[in-house]
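Please read the following report alongside the sequence and the structure, which are shown here.

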Amino acid sequence: NGYAEMSLYSITSSWKNALLFIPKKLTIVALPVMSNYINSDKGNIGYDKMFDFTQMIAIAITLPATFILMFFGEYILSLYGDEYRDGYIVFSGMILVAGISGLGSGYGPAIQAKGKMWFGLAANVIWSITFISFVYTTIESYGAISLAYSLALAGVINLLITAYYLRGDLTINSNIRTTKYLIVLVSMTGAFLFLNTWNAFI
């Protein structure tokens, strides 16, 4: 049922957007500060510190919230009606997307502050191609699950490409932190999906 799948996707997407409200506001603040540092005596030192600050605040908000929301995902969905209770796979996928986006919140301003807009365009094109390709090949079989996890996959690829591209502009600790928390997010999502699926068969 396409309408039911889109309804589930819309519900889970609203939770994703709520989780990203503060990280998105941080990026608005980070861009002019990073740009100002690049053109000052502090140069890359201030630029790196602002990136680290933006990313760490975003992680501090999104990582615990991601854990809590995934844990209570089935209950949250039941508030919309019992027919949505089984949508925890989609819910977990969309919360994972929020976690990935929060983790990458510092990279957007970092690219713009350096004036590397052509790379930003290329990265967005790769993101779009990845998302559309996986949705095209899986949407008929998996519905809203296809949308959620195609977004997550595209987000992971985009994040890794951007982190690699900016490796010369940011400290090595930044990319280590990004990789570490990305592994935590993906592992946590996999664990919740496994446990929920296991409980369904018990």
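Which residue forms a salt bridge with Asp52? The partner is Arg177, and the closest N and O atoms of the two are 2.7 Å apart, where a salt bridge is a side-chain nitrogen of Lys or Arg within 4 Å of a carboxyl oxygen of Asp or Glu. This is a predicted model, in which local features need pLDDT of at least 70 and side-chain atom pairs count only at pLDDT 80 or more, while totals for chains, interfaces and linings use all residues. Residues are numbered from 1 along each chain as its sequence is written, and side-chain values use heavy atoms, with hydrogens and water left out.

By this rule there are three salt bridges, listed here.

| Salt bridge | Closest N and O atoms |
|---|---|
| Arg177 and Asp52 | 2.7 Å |
| Asp169 and Lys114 | 3.7 Å |
| Lys116 and Asp169 | 2.5 Å |

Salt bridges that share partners join Lys114, Lys116 and Asp169 into one network. Asp169 is buried, with a relative accessible area of 14%, whereas Lys116 is partly exposed at 22% relative accessibility (buried means under 20% relative accessible area, exposed over 50%, and partly exposed in between, with a 1.4 Å probe and protein chains only). Arg177 also counts as buried, at 13%, and Asp52 is partly exposed at 22%.

Elsewhere, helix 1 (residues 2–19) and helix 2 (residues 21–38) pack at an angle of about 45°, with their axes 4 Å apart; helices here are DSSP runs of H or I, at least four residues long, numbered from the N terminus, and axes are lines fitted to C-alpha atoms over the stretch in contact, with angles running from 0 to 180 degrees between N-to-C directions.

Technical notes:
Helix = DSSP H or I, 4+ residues; strand = E, 2+ residues; numbered from the N terminus.
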